[in-house]
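Dear colleague,

Please find the structure handed over below.

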Amino acid sequence: MDSVTYSPPDSVIVDRIQRAFPSDELRERARATNLVERERKFDAVALFYTLSLGFAAGSDRSVQAFLERFVEMSDCDELSYATFHGWFSPPFVALLREILDDAIENLDTRNADLSGRLERFRDVLIADGSIVSLYQDAADVYAATGDDQAGLKLHLTESLSTGLPTRYRTTDAKTQERSQLPTGEWVAGALVLLDLGFYDFWLFDRIDQNNGWFVSRVKDDANFEIVEELRTWRGNSIPLEGESLQVVKDVLQRQEIDVRITLSFERKRGSCTSTTRTFRLVGVWNEDTEEYHLYLTNLSKDDYSAPDIAQLYRARWEIELLFKELKSRFGLDEINTTDPYIIEALVIMAAISLLMSRVIVDELRKLDVKQRESADDATASSLQLPRRRCSHAVERHSHLIQLYVMLDLGYELPDLDELLLWASRDPNPHRPRLREQVESGEFW
């Protein structure tokens with residue numbers, strides 16, 4: 001009986017994935033490494049889609065699980081675990097980093113412009129860092145603050161308009177967030193939201209000098225000199241001009257603080273010559289904590305009131321949700337290896353998987369809109385496809401997505417019997433089993 005070749009129906013999702021990560025470019029990038037020449041069974045395209053879609057395919061993200069998925073896609077059941085493990089090397093990590101950086105720079109998810117309080121900004125950029133706990137034996141490369149701990153710190157900047165990273169870097173857990181955030185023209189026209197890990201007067205000045213805006217939390221012990229009040233109060237209010245922040249903040253009874261302050265810093269690092277800048281400080285009284293939430297900013301009072309500044313800062317929560325998604329859905333909360341190259345590869349692949357998921361979600365939304373006849377229906381429909389619900393759907397069906405991609409790229413379905421037989425074989429056949437020890441082993 002002649003074999004039947006299965007061809008799945010056309011899929012705009014598969015087409016969009018391949019346009020975002022073209023197989024020809026993946027192969028060309030891989031040829032620049034020595035892996036292709038050294039390893040006959042190395043298939044960069046199959047390995048890339050195995051990892052990128054495998055990260056969303058359930059909780060098992062071990063090297064063994066990725067090996068089995070790779071064998072499914074490449075139909076290469078003679079591949080050993082040791083060989084596959086050896087592919088996670090510096091050239092492969094460099095390849096993944098190049099793919100990720102290119103995707104971050106070039107992916108266009110065509111999200112709507114920012115609106116409301118955010119419409120004046122080109123984008124809103126949220127910077128933060130998060131620690132990924134590792135096995136203690138990895139401490140030689142990924143040192144943490146404790147002597148007996150190991151950890152990797154992920155430094156990420158998120159675009160609020162796209163929900164995607166614009167920067168994605170890793171260091172050991174001891175590295176300070178501030179050292180991983182460069183300054184330059186990339187901030188022009190954007191609002192940058194900063195927590196206390198980036199509390200640096202030089203950074204605030206550089207953002208302002210590059211025509212960007214910022215909002216930053218203020219340290220509890222900050223003691224700026226107040227040079228001007230930006231809001232007048234009725235009655236016998238306490239005058240603030242010429243006072244120090246620490247002197248007045250505990251005696252004020254107003255709901256808001258809106259003043260201009262001076263701060264001193266080295267404009268050129270290591271110059272030992274200080275300069276002085278004037279920025280706006282706002283505070284909003286919090287009834288629950290009975291204290292002011294204080295923020296520094298270069299946004300003007302005419303455009304944004306003190307409560308507006310506090311509301312803008314709330315958008316920082318989006319990056320916490322992104323870290324949560326990376327750790328829970330893409331496995332960064334459980335990295336079960338001490339090999340630094342595997343650790344780095346898995347962390348990079350988590351980001352690539354996130355981008356892959358966003359690409360699919362964007363295509364789903366466009367597909368949904370096309371199925372509506374009127375603009376009103378299209379708008380209503382887009383509200384029915386929230387990003388995180390779509391991401392869950394991608395996660396549940398990622399193995400099927402990988403199958404469709406595999407077939408569309410010309411790979412053949414694996415021999416199911418041989419695949420299951422290969423996956424079931426004991427990788428350590430010479431290791432004695434308990435029953436064998438009981439039956440004939442020596443008593444100790």
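Predicted model: local features only at pLDDT ≥ 70, side-chain atom pairs only at ≥ 80, totals over all residues.

Residues are numbered from 1 along each chain as its sequence is written, and side-chain values use heavy atoms, with hydrogens and water left out.

Overall composition

The protein chain contains 17 helices and nine strands; helices (H or I, at least four residues) and strands (E, at least two) are DSSP runs, numbered from the N terminus. Of its 444 residues, 47% count as buried, where buried means under 20% relative accessible area, exposed over 50% and partly exposed in between (1.4 Å probe, protein chains only). The chain exposes about 23,900 Å², of which carbon and sulfur atoms supply 46%; accessible areas come from the Shrake-Rupley method with a 1.4 Å probe, and for residues only the protein chains shown count as cover. Among contacts (heavy atoms within 4.5 Å) with a separation of 6 or more, 64% join residues 24 or more positions apart.

Nonpolar cores

In soluble globular proteins, nonpolar side chains tend to be buried together. A nonpolar core is here a set of buried Ala, Val, Leu, Ile, Met, Phe, Trp, Tyr and Cys residues joined through side-chain atoms within 4.5 Å. The largest one has 100 residues, and Tyr49, Phe84 and Tyr168 have the most contacts inside it. Helix H12 (residues 340-370) gives this core its largest share, 16 residues. Apart from this core lies another, of 30 residues, including Val192, Leu203, Leu281 and Leu294.

Not counting residues up to four places away in sequence, Tyr168 touches several residues, among them Arg97, Leu100, Ile104, Val347 and Ile348.

Helix pairs

The axes of helix H7 (residues 90-106) and H12 come within 9 Å and cross at roughly 25 degrees. Axes are lines fitted to C-alpha atoms, for helices over the stretch in contact, and angles run from 0 to 180 degrees between N-to-C directions. H7 and H12 are therefore roughly parallel to each other, given that angles under 35 degrees count as roughly parallel, over 145 as roughly antiparallel, 65 to 115 as roughly perpendicular and the rest as oblique. H7 passes H12 in a left-handed crossing; a crossing is left-handed if the near helix is turned anticlockwise from the far one by less than a right angle, and right-handed if clockwise. Residues making the contact include Leu96, Arg97, Leu100 and Ile104 of H7, and Glu344, Ala345, Ile348 and Ile352 of H12.

For helix H5 (residues 63-74) and helix H15 (residues 398-408), the axes come within 10 Å and cross at roughly 35 degrees. The crossing of H5 and H15 is right-handed. Here Arg69, Glu72 and Met73 in H5 meet His399, Gln402 and Met406 in H15.

Individual residues

Two residues of H12 may be considered together. Glutamate 344 is found in this helix and is buried, with a relative accessible area of 14%. Its contacts, leaving aside neighbours within four places in sequence, are Val93, Arg97, Tyr142, Leu152 and Thr170. Valine 361 also lies in H12 and counts as buried at 3% relative accessibility.

Isoleucine 261 lies in strand E7 (residues 256-266) and, at 1% relative accessibility, counts as buried. Neighbours within four places aside, isoleucine 261 is in contact with residues including Phe224, Ile226, Phe279, Leu281 and Leu296. Its C-alpha atom is separated by 9.0 Å from that of leucine 245, 16 residues apart along the chain.

Two residues other than glycine have a positive phi. Asparagine 211, with phi of about 65 degrees, lies in the loop between helix H8 (201-209) and strand E5 (213-217) and counts as exposed at 58% relative accessibility. Glutamate 290, with phi near 55 degrees, is found in the loop between strand E8 (274-286) and strand E9 (291-297) and counts as exposed at 60% relative accessibility.

Finally, proline 182 is found in the loop between strand E3 (165-172) and strand E4 (190-194), and at 34% relative accessibility counts as partly exposed.

Yours sincerely
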